[in-house]
Amino acid sequence: SGKLKPLQLVWAKSRGYPWYPALIIDPSIPKGFVHNSVPLPCPPDNVLTLRKNQTSDDFLVLFFDTKRTWQWLPSSKLELLGIQKSIDESKLSESKKPTLRKAVKKAYEEALHYQSQVTKK
Ligand code: OCS
């Protein structure tokens, strides 16, 4: 699944949901850490505590959904976003429900916007 590393945008597959835009976050970043003048989202303590019960090498992701959901997911549930057009297009059209498809599209745009803020010099 390519190079998965902190601040990489990904498509993430959460159980019961379509593939959805998310951001890989380094769980050890200090609170209030700023990257290229953009404050990085900091995982709440309960999300970090949750991790302690798991043994696999999961990644911490922050979904670009309206609730900004945090989740731990294995690399098998993650794919790079914004790298390969065919992957993005298939994920964008995965859901048959128009409402859900629109939500995925909106999240995708927010993800790309976030990235443009973080990477601009
Ligand atoms: N809200 C979902 C994630 S998403 C969850 O709780 O896992 O809707 O962004 O796929």
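**Rings, ligand and pocket**

Author: This is a predicted model, and the structure holds three aromatic pairs.

Reader: Why is the pair formed by W11 and Y108 called stacked?

Author: The centres of W11 and Y108 are 5.6 Å apart, and rings pair if their centres lie within 6.5 Å; the angle between the planes is 15°, and planes under 30 degrees apart count as stacked, so the name applies to W11 and Y108.

Reader: What makes the pair tie together parts that are apart in sequence?

Author: W11 belongs to strand β1 (residues 9-12), whereas Y108 belongs to helix α3 (residues 98-119), so the pair ties together parts that are 97 residues apart in sequence.

Reader: Which residues surround the ligand, and how do you know that the side chain of T69 makes a polar contact with the ligand?

Author: The ligand is surrounded by S14, Y17, Y20, F63, D65, T69 and Q71. A polar side-chain atom of T69 lies 3.4 Å from a nitrogen atom of the ligand, and a polar contact requires N or O atoms within 3.5 Å, so the T69 pair qualifies. For S14, a polar side-chain atom lies 2.8 Å from a ligand oxygen atom, and for Q71 the distance to an oxygen atom of the ligand is 3.1 Å.

Reader: How much of the ligand does the protein bury?

Author: Taken alone, the ligand exposes 290 Å², of which the protein buries 86%, and the space taken by the ligand is the largest pocket.

Conventions
Residues numbered from 1 in each chain as written. Predicted model: local features only at pLDDT ≥ 70, side-chain atom pairs only at ≥ 80, totals over all residues. Heavy atoms only, no water. Near = heavy atom within 4 Å. Polar contact = N/O pair within 3.5 Å; in protein donor to acceptor, adjacent residues only side chain to side chain. Areas by Shrake-Rupley, 256 points an atom, 1.4 Å probe, with all protein chains shown as cover. 1 Å grid on protein atoms, 1.4 Å probe; cavity = no way out; pocket = protein on both sides within 12 Å on 5 of 7 lines; lining within 4 Å. Sits in = over half its atoms within 2 Å of the grid points. Phe/Tyr/Trp six-rings, centres within 6.5 Å; stacked < 30°, edge-to-face > 60°. Helix = DSSP H or I, 4+ residues; strand = E, 2+ residues; numbered from the N terminus.
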